[in-house]
Amino acid sequence: MSSAPATSDLVSLTIDGVPLQVRKGTLLVEATKMVKQEIPVYCYHTKLGPAGLCRVCLVEVEGTPKLQIGCNTPVAEGMVVRTRGENVEKGRAMVLELLLVNHPLDCPICDKGGECDLQDYAIAYGRGSSDLADPKTSKPKAVDLGPTIVLDEERCVVCQRCVRFDDLIVGERQLVLKDRGHRNMIATATGDPYRHNFTGNVTELCPVGALTSKTYRFKSRPWDLRRTETSCTQCSVGCRMNIDLRHGNVLRTMSVEGDDAVSDWWLCDRGRYNIGYIDSPERIKQPLLRRDGTFVQIGWDDAFALWAKAIRSAIDAGGPERVAAIGGGRLTNEEAYLLARTMRSLGVKNLDWRAGRQRQATPGSSGGTLLDLERAGAIVTIGESPAELAPVMDLRVRKAVRHGARLIRVAAQEAPPSMPFQDVADVAAAAAAIPANVTRVALIWDGVDNALAHAAFAALSREGRTLLTYIAGEQGNARGAEAMGMLPFAGPGYHVADAGHDFDGICDAALSGKIETLAIFGANPVLNSADGAHVRAALQAIPFLVVTELFMTETAKLASLVLPAAGAFEKSGSMVNLAGDVLPTSAALAPPDGVLGDFEIVVGLARALEIELPDSDEIERATIAAAAALPVGIAFGDERFAGAAKKDLSGEGLRLHVLHHAFAGGGTLAHDERIAALQPEPTAAFAAADADRLGIRAGDRIDLVGAGGTIGDLLAERRDTLAPGNVAFVGLRSGSAANEIAVGSRVRVENIRHSDVPVEA
Ligand code: SF4
Ligand code: SF4
Ligand code: FES
């Protein structure tokens with residue numbers, strides 16, 4: 001919480017006759033907002049700061065002969081400012097006339113029409129006519145800038161917000177301003193497509209219709225849209241997000257201005273663009289029962305009755321230990337709470353949300369906020385890169401680095417190429433690399449290796465230092481699932497003395513014939529676990545497997561009963577993000593006919609089992625209390641979360657890693673044709689020493705062969721950040737054999753096909 005400024009930090013001034021006090025150093029453009037006045041801006045943006053390029057922000061400051069730019073003039077004691085008046089209006093009108101010299105009269109066909117700053121300011125401050133007789137300069141229109149963005153050069157007002165975003169916020173520096181004078185234009189520096197995890201933000205930053213999203217072009221006028229504010233659940237950051245609908249269809253998502261605490265006003269391209277799955281024809285819209293090897297459609301009442309019967313017979317035959325449920329990481333808090341409560345009321349303890357590789361989501365009492373993260377003096381990452389797991393959180397990391405923080409990655413971690421990083425071999429070296437004067441250190445973990453996390457915490461803890469911990473894992477509401485009791489050893493706010501099986505234990509019990517029925521809510525362990533072949537065999541051994549899903553995933557295909565579930569935008573509730581913020585999620589539209597939310601699905605099951613459930617007020621109170629009680633008694637790298645000892649994965653060959661990628665995977669990403677171009681080409685990355693030894697050049701195509709199968713036709717890449725002896729596979733998708741080969745097992749390279757035109761690393 002920011003404390004009130006001391007009186008000596010304040011400056012008194014008058015804006016448009018209104019006296020006010022603001023902090024020293026505040027820019028007039030921001031101070032003006034406090035008195036509910038507006039200074040028009042193009043190049044200035046609260047998150048990018050001033051650039052002084054467009055001059056539309058002119059204001060009059062008493063005692064100065066010329067108009068000043070409000071975006072780059074700090075307040076001063078006794079200052080008298082006028083944001084209106086004849087002089088100001090003349091100045092702005094002139095600026096607007098110049099900006100419009102070459103601007104096309106595109107408003108009727110421009111996507112920005114109705115929410116365009118040029119349109120708005122031209123009406124508010126422009127002259128309404130022009131003396132210009134010369135023809136306008138024409139420039140390229142509908143330039144394909146990359147997989148997400150189209151550029152209209154004629155509309156650009158050269159504010160350079162897009163260029164500065166790419167430089168200051170993302171650190172990619174792909175966009176540049178090319179040429180000079182009236183011929184200048186926005187382009188990528190290399191001529192390559194504009195592509196990274198945050199490109200869509202430039203369409204919001206662009207004050208005119210020069211940069212537009214391919215997915216939204218020509219779809220609607222802003223006044224025809226119906227907006228709902230919610231939280232993105234695609235990863236554990238939980239960015240606040242606006243969903244815009246027209247005629248019941250989600251047409252776009254937009255960031256939420258003012259969301260400093262979570263998104264910092266940004267969205268990643270996954271959160272922004274993965275909306276095409278909502279109206280995919282492949283969605284399941286009716287309960288499906290496996291009968292004689294094929295699925296037949298049945299009604300919901302029959303589905304609940306069959307499911308309840310399976311649970312009752314399992315308990316009658318062998319007790320509640322023969323029943324299990326998985327889910328929560330992709331459910332709302334309310335759904336996870338109700339699922340855990342329903343199962344526990346039957347005596348079922350085999351509950352877990354961990355159907356992927358992540359083991360732990362709650363970072364313990366040292367967990368920091370996202371604002372804390374950007375103020376860290378050093379950031380240590382262990383496990384996979386937060387850039388792919390929690391993209392917008394990684395923008396905080398980049399911000400901290402920009403402000404001087406040291407970024408230290410333990411061993412072969414990935415990071416954006418433009419980051420100044422320091423790789424170290426182990427956590428002791430990471431601790432040694434932190435300058436002695438740094439008192440606030442952030443430790444970011446992917447939630448996979450508890451022993452490593454525990455060791456890192458111990459190595460980095462020091463008297464006089466604040467160590468803040470974060471877990472950037474695989475599933476959006478994993479932390480909420482833990483709080484709501486979807487763990488085998490803990491209910492919401494209490495510990496279970498006689499713990500049930502975790503997901504690994506459930507699989508082992510299933511293979512020994514000890515699990516009769518398992519329900520999997522919104523998870524695809526056959527694709528996402530570390531050993532897909534093992535999970536597949538375990539699920540096939542379960543007599544009655546129930547899966548709630550949107551699509552026929554690898555896991556759903558094995559089910560006895562598949563229940564069509566609502567997507568994230570089709571239900572309301574709350575989630576807990578990785579920083580512990582409890583965030584509301586709001587339904588923007590109803591699920592398709594025949595589809596229920598997971599909450600209603602649990603209620604239907606409970607009714608069929610004649611279990612009494614709490615009313616909605618009690619559920620709300622219970623979930624709020626559970627989310628607040630979350631960090632108590634949990635340590636970073638807590639051994640209670642650790643999995644079973646790893647299988648023996650020794651042997652000859654390279655150790656296989658399957659790295660996350662923001663656009664790889666199954667589920668909603670696999671069923672969104674509009675973003676297919678963002679999915680990575682399946683790639684195998686080698687350390688330079690291994691590539692040289694094996695005769696692999698960047699751009700070659702190779703196969704990886706392991707005990708479980710072959711991952712064929714991979715593009716070879718060399719990565720300096722990878723330790724020798726490892727091969728990193730990027731681009732996991734449905735149908736890939738990668739999930740049939742255990743992560744961490746040994747693979748060999750076969751069938752090297754050299755590229756005619758080698759791509760340099
Ligand atoms: S493309 Fe848009 S954001 Fe970029 S410089 Fe032009 S007007 Fe500004
Ligand atoms: S960072 Fe995560 S929560 Fe934020 S927009 Fe991207 S996917 Fe959504
Ligand atoms: S907004 Fe002030 S110069 Fe552009």
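# Reading ligand shells, sheets and burial

User: Let's start with ligand 1: which residues come nearest to it?

Analyst: Here, "near" is a distance test: the C-beta atom, placed from the backbone, has to lie within 6 Å of the molecule or strand in question. For ligand 1 there are 14 residues around it, and Cys 156, Cys 159, Cys 162, Cys 206 and Ala 210 come nearest. Before we go on, this is a predicted model, where local features need pLDDT of at least 70 and side-chain atom pairs count only at pLDDT 80 or more, while totals for chains, interfaces and linings use all residues. Residues are numbered from 1 along each chain as its sequence is written, and chains are lettered from A and ligands numbered from 1 in the order in which they are written.

User: How many of the residues in that shell are nonpolar, polar and charged?

Analyst: The classes are simple: Ala, Val, Leu, Ile, Met, Phe, Trp, Tyr, Cys and Pro are nonpolar, Asp, Glu, Lys and Arg are charged, and the others, Gly among them, are polar. Around ligand 1 you get 12 nonpolar, 1 polar and 1 charged. Keep in mind that Cys sits in the nonpolar class.

User: And ligand 2, what comes nearest there?

Analyst: Cys 232, Cys 235, Cys 239, Cys 268 and Gly 271 come nearest, out of 14 residues around ligand 2. Helix H6 (269-273) and helix H11 (391-402) are the elements that give two or more residues to this shell. Helices (H or I, at least four residues) and strands (E, at least two) are DSSP runs, numbered from the N terminus. By class, the ligand 2 shell holds 9 nonpolar, 4 polar and 1 charged.

User: Which domains does the shell around ligand 2 draw on?

Analyst: Domain bounds come from an automatic or database domain assignment. That assignment gives domain 1 (7-99), domain 2 (107-278), domain 3 (288-357 + 477-631), domain 4 (370-471) and domain 5 (654-753). Domain 2 and domain 4 each supply at least three residues to the ligand 2 shell. For a sense of scale, the C-alpha centres of domain 1 and domain 3 are 55 Å apart.

User: Why would I say the overall size agrees with a compact globule?

Analyst: Take the radius of gyration over C-alpha atoms and compare it with 2.2 Å times the number of residues to the power 0.38. For 761 residues the rule gives a value near 27 Å, and the protein has 28 Å, which agrees. Its C-alpha atoms fill a box of roughly 90 × 65 × 55 Å along the principal axes. Inside it are 21 helices and 35 strands.

User: How do I read a sheet? Which strands are at the edges of the one with S6?

Analyst: Two strands pair if DSSP finds at least two bridges between them. Here 3 strands make an open, antiparallel sheet in the order S6-S7-S10. Strand S6 (143-144) and strand S10 (211-213) are the edges, each pairing on one side only. S6 and strand S7 (149-151) are joined by 2 bridges, and Asp 144 stands opposite Val 150 in S7. For contrast in direction, strand S18 (378-382) and S19 pair in the parallel sense over 4 bridges.

User: Is S19 enclosed or open?

Analyst: Count other C-beta atoms within 10 Å of a residue's own, with C-beta placed from the backbone: 20 or more is buried, 12 or fewer exposed, in between partly exposed. Strand S19 (406-410) has 4 of its 5 residues buried, so it is largely enclosed by the rest of the structure. Across the protein, 49% of the 761 residues count as buried.

User: What does helix H17 pack against?

Analyst: Contact means C-beta atoms, placed from the backbone, within 7 Å. In H17 (532-540), Gly 532, His 534, Val 535, Arg 536, Ala 538 and Leu 539 are buried. Those residues pack against helix H15 (503-511), helix H16 (525-528) and strand S26 (544-549).

Notes
Contact = placed C-beta atoms within 7 Å.
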